[in-house]
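Good morning, and thank you for coming. I shall speak about one structure and take its features in turn. Please look at it with me.

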Amino acid sequence: MSSPASPKPARRTVAQEIGLAIVVLLLGSILTVYGWHDAAAGKPNTFLNFDNLIDGIATPMSYYAIMAIGLTIVIITGGIDISVGAVMALSALGGAAALQTLPPDASAMQVLPIAFLVPLGIGLLCGLINGGLIVGLSLHPFIVTLGTMSIFRGLANVLPAQKTLPAAGKRLPAAFTTDFMRVEMFGLQPMPLIIMLICVIFGWFYLRMLVAGRETYAIGGNEEAARFSGLRVGWIKMRTYTLAGLAAGLAGMVSLGRFGTASTSTGTGYELTVIASAVVGGASLIGGRGTAIGALLGTLIIALIENGIIILRMEQEYRLVIIGLAIIVAVSLDRLSAYLRSRRSV
């Protein structure tokens, strides 16, 4: 087993992140040239303008990136969590149900603790359930999270009295929506971006600097070797799924605050995009590799592709085709890279 702290994997990780950054620049350059040709006379570039870069790319990608960081930690252990979209929906609806009971003009001191604790608590509970089932019953993560995805989505559909919250005639307190998640700075609404960047920093610090992060890589590199070296594999897996649930709950909170509403369809299909973001960002589905910065860059690549589909005026159905292809290409390159490394080590 190669230690994640050894120089070679560290250099490989940096090279991979530089490669992803080059892909981002390449995609951005292509879309910039097209946007320049596409713009009407006297009008700004249809791609390279502030509104498109912030509102069309950076802000929508924040939910995906937050969940992709949590999922990357799970994938590093060799696991998978396909319930993140359903957990996000359940968390957003739970937060909306709690906040709609408060007066619209309630103070921030009263509103913000509920706005944070309820969605994050729901995400934490869902992550614990996933981890508990996987570890306690020794079940495959795909089967468990496939089942819990259906359960969580079903609960999101049956628990609220209405399909959309807040209910008719009610609205969420401005202290959470207008004054916090949609607060304007220099004409922008940067709070989703700020929360996303805080998550990237946390993910980087967790994986790179903490013993817990090294344990995560150790399990993904060789679970049996990690067990024989004394690591509490079950506990570490529980921790990773709990973090993934927590990240999905946070994404639900960000979505609720930005839109001021949540519905039973919130987060539908997001799991595919989040998995694509993680694997395009370098997380290996066989475990042992992946970074928080890679997850961010992978999400940015997916967001640029989605934005390009809009700018090129292609039908939105192509989005699913391209995301599916991105997953297959990323996994194929990962397997090819593993094969070449094994040949060199012989």
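Let me begin with a definition: on a 1 Å grid over the protein atoms alone, a pocket is an open set of points where a 1.4 Å probe fits, with protein on both sides within 12 Å along at least five of seven lines, and its lining residues have an atom within 4 Å of a point. This is a predicted model, in which local features need pLDDT of at least 70, side-chain atom pairs count only at pLDDT 80 or more, and totals for chains, interfaces and linings use all residues. Residues are numbered from 1 along each chain as its sequence is written, and side-chain values use heavy atoms, leaving out hydrogens and water.

The second largest pocket is lined by 21 residues, and Gln16, Leu20, Val280, Ala330 and Leu333 lie nearest its centre. Two or more lining residues come from each of α1 (7-38), α11 (270-280), α12 (292-311) and α13 (318-345); helices here are DSSP runs of H or I, at least four residues, numbered from the N terminus. The largest share, eight residues, belongs to α13.

I turn to helix α8. Eight of its 11 residues (211-221) are buried, so α8 is largely enclosed by the rest of the structure; buried means under 20% relative accessible area, with a 1.4 Å probe and protein chains only. Among them are Glu215, Thr216 and Tyr217.

Finally, how many disulfides are there? The count is zero, a disulfide being a pair of cysteine sulfur atoms within 2.5 Å. The sulfur of Cys126 is 17 Å from the closest cysteine sulfur, in Cys199, which is too far for a bond. Cys126 is buried at 4% relative accessible area, and Cys199 is buried at 14%.

Definitions and conventions
Buried < 20%, exposed > 50% of the residue type's maximum accessible area, 1.4 Å probe, protein only.
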